Amino acid sequence: YTILSKVHSDRNVYPSAGVLFVHVLEREYFKGEFPPYPKPGEISNDPITFNTNLMGYPDRPGWLRYIQRTPYSDGVLYGSPTVENVGKPTVIEITAYNRRTFETARHNLIINIMSAEDFPLPYQAEFFIRNMNVEEMLASEVLGDFLGAVKNVWQPERLNAINITSALDRGGRVPLPINDMKEGVYVMVGADVPFSSCLREVENPQNQLRCSQEMEPVITCDKKFRTQFHIDWCKISLVDNTKQVSTFQEVIRGEGILPDGGEYKPPSDTLKSRDYYSDFLITLAVPSAIALVLFLILAYIMCCRREGVEKRNMQTPDIQLVHHSAIQKSTKELRDMSKNREIAWPLSTLPVFHPVTGEIVPALHTDSFENTSMPLMQTQQ
């Protein structure tokens, strides 16, 4: 069903094109590469992470994926080799990082892709399993159980696991950390015989209607999967390559193989020096010069183009100027006279005797009575 291999130094593996390839990076193997704990006899449980890349390049080939959930779990390389890579040795650099001691260990994995005689298998079915994560499905015993269940309902002569893809790589959402929810996984298998009647039950109008209403379709062979695998039958994809058409729905985008964008060409080690003088002129000098010219034009308009008093007088009629001058002179004389005048208070404001009682009546302007220079009346004296 699949190719499983344990990690070794400079190990050669020979997967087949179009068949699922799984390579486990075991932490137990790399523990021997790092120094033990200070205390003798203590079991080491160092957190170890892995970095995988194609030799001479920063990333892996487009068909090869890698997953490791935690630093305390094994890493897994998996994918489906393509026909274009047949006969080309692919060297994968595996670097292990010890997160306790910060030491590293490196090994090479040489992948020699072989061509399959009857690849691709003409009939391919893709199942969506809701209660599995991708690393759980990649385990040999779990994948073997699933392929055995598919073989019971399909009855093919040859059955291969073609590819496995996480639902997150298809645009799925990360599940909530409650009730041990899983992200889901897509499993594509291929066979050499047409689809069985059980698999074609998803094409029934009743099941199509139930799927459109987000209800579970009625599949007779679902009980053979239900004990271990919860399959979403509304998302199954049946592809008949002999007719080049999909019998149920179109192939979902993203089959786990990235498009080939050509070889990566890193930049050279030596960088050429660059002159930033022209950039300085464009970004600073030119805008500053334009702003200075605009400032000078505005200053000339505001300061040097004023009409002035002489021009105003020339445009004003003479009679109007005479009237204006006379008003100004009169206003000035009145203001000067009001400042210099010293006028005594009238007699009505000075104190007098009451005609009946003979008492002195207070003046109306008591605040300014003492400052007056006017003498009292003769009768009052």
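Reply: Cys198 is buried, at a relative accessible area of 7% (buried is under 20%, exposed over 50%, partly exposed in between, with a 1.4 Å probe and protein chains only). The model is predicted, so local features need pLDDT of at least 70 and side-chain atom pairs pLDDT 80 or more, while totals for chains, interfaces and linings use all residues. Numbering starts from 1 along each chain, and side-chain values use heavy atoms, without hydrogens or water.

Cys198 has a partner. It forms a disulfide with Cys221, and the two sulfur atoms are 1.5 Å apart (a disulfide needs cysteine sulfur atoms within 2.5 Å). The torsion about this S-S bond is about -65 degrees, so the disulfide is left-handed. The link joins distant parts of the chain. Cys198 lies in the loop between strand S11 (185–191) and helix H4 (205–212). Cys221 lies in the loop between H4 and helix H5 (223–226), and the two cysteines are 23 residues apart. Helices (H or I, at least four residues) and strands (E, at least two) are DSSP runs, numbered from the N terminus. Cys221 is buried as well, with a relative accessible area of 6%.

Cys211 is partly exposed, with a relative accessible area of 21%.

The count is two disulfides. With bonded cysteines counted along the chain, the pattern is 1-3, 2-4. As for Cys303, its relative accessible area is 57%, which makes this residue exposed.

S12 runs antiparallel to strand S9 (residues 123–129), and four bridges join the two (at least two DSSP bridges make a strand pair). In S12, Val239 is the bridge partner of Gln124.

S9 carries Phe128, which leads back to S11. The structure holds twelve aromatic pairs (Phe, Tyr or six-membered Trp ring centres within 6.5 Å; stacked under 30 degrees, edge-to-face over 60, the rest tilted). In one of them, Phe128 pairs with Tyr186 in a tilted arrangement, 4.7 Å centre to centre and 40 degrees between the planes. Phe128 in S9 and Tyr186 in S11 are 58 residues apart and belong to distant parts of the chain. Phe128 counts as buried at 8% relative accessibility. Tyr186 is likewise buried, at 8%.

Each of these two rings has a charge over it. The charged end of Lys235 sits over the ring of Phe128, 4.6 Å from the centre (NZ of Lys or CZ of Arg within 6 Å of the centre and within 35 degrees of the normal). The charged end of Arg170 sits over the ring of Tyr186, 4.4 Å from the centre.
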